[in-house]
Amino acid sequence: MTTINREATGPENLQKLHDDLSEVWGNPKGLKALTIVNHTTLGLRFMVTGMAFFLIGGILAMLIRTQIATPDQNFMTPEIYSQVTTMHGTVMMFLFAIPILEGLAIYMIPKMIGARDLVCPRLTALGYWCYLFGGIILCFSMVLEMAPDSGWFMYTPLSSNEYSPGLGSDFWLLGITFVEISALSAGVELVVSILRTRTQGMALHKMPLFAWYILAMALMIVVGFPPLILGSILLELERAVGMPFFDIAGGGDPVLWQHLFWLFGHPEVYIIFLPAAGIVSTLIPVFAGRPIVGYGWVVFAITVMGFISFGLWVHHMFTVGIPQLAQAFFSAASMLVAIPTGIQVFVWLATLWLGKPKMKLPMLWIIGFLVIFVCGGLTGVMLALVPFDWQVHDTHFVVAHMHYVLVGGMLFPLMAGIYYWLPLFSGRMPSETIGKWGFWLVFIGFNATFLIMHWTGLLGMPRRVYTYNTGFGWDIFNLLSSIGGFVMSAGFAMVLIDITLHFRYGKPAKTNPWNADTLEWANKLPPTPYNFVSLPPIETRHPLWEHPELPQEMQEGRHGLATASHGRRELWGTDPLTGKVREIIHVPSNSWWPLFAAMALAVVCISLLLRWYPVAGAGVMVAIGFLLRWSWENGAHPKAAPDAKVMPGDPPLHSRTMDGPGLWAMTTAMIANGSFFLSYLFGWFYLWTVSPEWRMPDASPLSLVALVVAGVALLGGSALMESSVRRLRKQLDSGLAMRLYGAALLGGLQFVLILWVMWNANLVVTETSHDAILMVGLYYALLHSALGTVISLLQGMRVGYRYVGAHAPFEPVVVTYFWRYNVVVFWILIAALAVLPRVIGG
């Protein structure tokens, strides 16, 4: 008998099984609650923190509406108004929309795919603490009256030192970069968890649609966020050190910032929309009482939308003077994205048409979404037409369109999802009466606010104006919009009161209260920290409809991994395509290291704000120390796998294989890293070919010979890593430590040679963007060289502790993938920075 398909545990052992699982997976109390890495708790923390930032953003919005409700207002000074408008957009986009959707995904995905947790729980914890600390730092700027005031998109040169000499822009750049670490952490975590931890038999084509949407969102985060991180780093270097990346006089170009920002910014619109659409695709079949029409078409639409969204960034730049051919291309692409959107809308309508819809409270929010989002999509097609965009650019029409798409397209489905999953959060049913009052106030107030703003935009009212004179015909419309805004605020206040009261006074929910089809409703209400007592085989897209007895079977331990006496936290490791079980993944338990690492990074962020560079450097070293200590408790370490034995017939532990989740996490992280590197190359070639004051010296300042020797050393280290892995595949580990130390030595040689090149290049980084961008590229190579050296050195040490070897060959494979990335990137860097300038000149 194997635990893959276990028979019933029996009543005499069932209580002991629950006790064992509770001991292994339980959350500590008191101060140790800060060490929790369980996805259920962290998902709730993300969502509650996101709602707190939503309240801050909502208050800022009402301040804006109060200021422009009537002409010639002096409710706020121009400086404060600019800070309020900037922070409203920043808080809503960066601190509310994406984090709360990621939080919902973190909470729901393991429950939907039949897993007990996410695959890298400490990474999720690090992401939460980075999000919290970054958001606090950013919002604290308002308390100091030093908030950024250049708009939530921080266009240069308005955000540069000349026009923003205070710390406002620095708060934004450092705080947002801190928050982006959180988003990327969650993106990597969700990609790997969805692909590798689905329960037995859940092939990709049987996966819940919500998981498809989250997979697309997470991959888009991994690819789309690095360009903004690069842009933020470059702009902060310009402000703090004087590197002229966006200064025309120094060979830079302010339009480069727009490219880097919208390479992130337009995909972000779909990053926000996709999880919301996933909620819609999940709820409509439940309340229509039938499977969704066109499952395959929806997956196709998700995939196409994800790809097309990365070809639309110039949609926001039609007025900056780009060539007409480029305008035509991006205009067509902007209209093309309506096709996958339309597919989803028609699938939803067809499912409702062919089913018997029940107009419960969550469905009310879904209907509101359909009305508002279709209207927002129509105005989006209008803005895709270049001549029309020229006319309404930077007017209230664009503001109204953005809110119809983002608020209507994200917030209404989010509220539907919160009401739908409330019984899962609390074990209680929502109030239909109070909930409906909240919905109608929000729906009426929203349309009263933003429908009218389309008209003020068409009448020529610019966005971000502090005040205006009477006589333009804007007075009555602005007043009505402001009244609508306060009505909408009253609706959200009622919703929040309803949800708060619900946890105490709501009617207790029965098992699967909505008669849903997906696995999250096989949990107890509310769920235990381990979600499921046993993990079932799944052969259908609708397991609870076709097997209504499944929740009881799972709770009785009749399926896989119904054991915890070994002290490990375990998941199935399944094939990414077929869902066939390949290994047992053991995930780490509660830890202080994510919190300590995030606190050290917060110290770095604050020190950079205050220009305390020695303290920032010390903070970086402390953070690296925490992260390395964190990595030590991994794989075959006794704290990671206290007992390496498995039951007869079970697959091996992932740390005893060569294809565990860490390999997938490394690959996904390197995709994000590659996106960052490609964005850097884009900036290099963009300034080289476009900047009017670009100055390239006649002879390259970089020593090509030294760089080639460094590249050869890197190749040698990579070859040693590859040979180590090949031998491990043959169960040979003699001389493994020496090979790893040899790779580290060659990595150290590369590090020294890069330092020598930097020292002898005599780059004047504050005078020309050419020298500045060369320096950034060399630092990028130096950082990766140092990291490759250190992790190889640690691997050699772990061999001595018997944490790595033929019995546990997994970790060198992961490190080898990092070396492969370094080899490819470093030689591309040599070609771009040192060879091409010599071949084709400036």
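Modeller: The sulfur of C605 has its closest cysteine sulfur in C130, and the two are 10 Å apart, which is too far for a bond, since a disulfide requires sulfur atoms within 2.5 Å. C605 has a relative accessibility of 5% and therefore counts as buried. Across the whole structure, which is a predicted model, the search for disulfides returns 0. C120 is likewise in no disulfide, the nearest cysteine sulfur being that of C130, at 15 Å.

The C-alpha trace spans about 85 × 75 × 50 Å along its principal axes. Buried residues make up 62% of the 842, and among contacts with a separation of 6 or more, 82% are between residues 24 or more positions apart. The exposed surface comes to about 31,200 Å², of which carbon and sulfur atoms supply 70%. Positive and negative side chains number 46 each, and the centres of the two sets lie 11 Å apart.

Several helix positions can be described in the same terms. M51 sits in helix α2, residues 39-67, and is buried, with a relative accessible area of 18%, a value that falls under the 20% limit. Leaving aside residues up to four places away in sequence, M51 touches F96, I100 and L496; its C-alpha is 9.3 Å from that of L95, a residue 44 positions apart from M51 in sequence. W688 belongs to helix α20, residues 661-690, and counts as buried at 10% relative accessibility. Between W688 and V374 there are 42 Å from C-alpha to C-alpha, with 314 residues separating the two in sequence.

Most residues other than glycine have a negative phi, and most peptide bonds are trans. Against that background, T156 and P157 are joined by a cis peptide bond with omega of about 0 degrees, and P157 is found in the loop between α4 (121-143) and α5. That loop also contains E145, which is not a glycine and yet has a positive phi of about 55 degrees; the residue is exposed, with a relative accessible area of 56%. Another cis peptide bond runs from L525 to P526, with omega near -10 degrees, and P526 lies in the loop between β2 (507-508) and α16 (543-546). R464, placed in the loop between α14 (432-458) and α15 (475-505), is a residue other than glycine with a positive phi, near 65 degrees, and at 38% relative accessibility R464 counts as partly exposed.

Definitions and conventions
Residues are numbered from 1 along each chain as its sequence is written. This is a predicted model: local features need pLDDT of at least 70, side-chain atom pairs count only at pLDDT 80 or more; totals for chains, interfaces and linings use all residues. Side-chain values use heavy atoms; hydrogens and water are left out. Buried means under 20% relative accessible area, exposed over 50%, partly exposed in between (1.4 Å probe, protein chains only). Contact means heavy atoms within 4.5 Å. Accessible areas come from the Shrake-Rupley method with a 1.4 Å probe; for residues, only the protein chains shown count as cover. Lys and Arg count as positive and Asp and Glu as negative; His and the chain ends are not counted. The place of a charge is taken as NZ of Lys, CZ of Arg, CG of Asp or CD of Glu. Helices (H or I, at least four residues) and strands (E, at least two) are DSSP runs, numbered from the N terminus.
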